[in-house]
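Look at the structure first, then read on.

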Amino acid sequence: MIGRLNHVAIAVESVEKAAAVYKNALGAKISKPESLAEHGVKVIFVELPNTKIELLEPFGENSPIAGFVAKNPAGGIHHVCYEVDDILAAREQLKATGARVLGDGEPKIGAHGKPVLFLHPKDFCGTLVELEQA
């Protein structure tokens, strides 16, 4: 079921400041910032040859990452994202094993314009997992 690593997400106070670190110190290619109101985040992607780093900044009063950033003001790894061929089939298979899908369990459109789901970190070795339909 699990496919390739799509990205590792790092929550930060400012995506612009964090992107400047990756660009200036490491020479990375950086995407334009994008605000995703439905997800409560502003994102910038650091594009690597084999994957991406997603920089996340809280956006809006009800941002789901605001608490994480408050506890980790210097930033920190927030989640990993894996690709799956069929997100609905993956959801059903995971639920059959007892894994918990966060939210209402229905896929939402993510930053890449594709359906995504999040899985409870307690079910995956303490790591928040995002699944994205490839």
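Buried means under 20% relative accessible area, exposed means over 50%, and partly exposed lies in between, using a 1.4 Å probe and protein chains only. This is a predicted model: local features need pLDDT of at least 70, side-chain atom pairs count only at pLDDT 80 or more, and totals for chains, interfaces and linings use all residues. Residues are numbered from 1 along each chain as its sequence is written, and side-chain values use heavy atoms, without hydrogens and water.

**Cysteines and disulfides**
- A disulfide is a pair of cysteine sulfur atoms within 2.5 Å.
- The whole structure has zero disulfides.
- Cys81 is buried, at 0% relative accessible area.
- Cys125 is exposed, with a relative accessibility of 81%.

**The backbone at Cys125**
- Cys125 sits in the loop between strands β8 (115-119) and β9 (128-133). Strands are DSSP runs of E, at least two residues, and helices are runs of H or I, at least four; both are numbered from the N terminus.
- Cys125 is not a glycine, yet its phi is positive, about 60 degrees.
- Most residues other than glycine have a negative phi.

- His78 belongs to strand β6, residues 76-84.
- Is His78 buried or exposed? His78 is buried, at 17% relative accessible area.
- Contact means heavy atoms within 4.5 Å.
- Leaving out residues up to four places away in sequence, His78 touches Ala9, Ile10, Ala11, Leu56, Ile65, Phe68 and Leu128.
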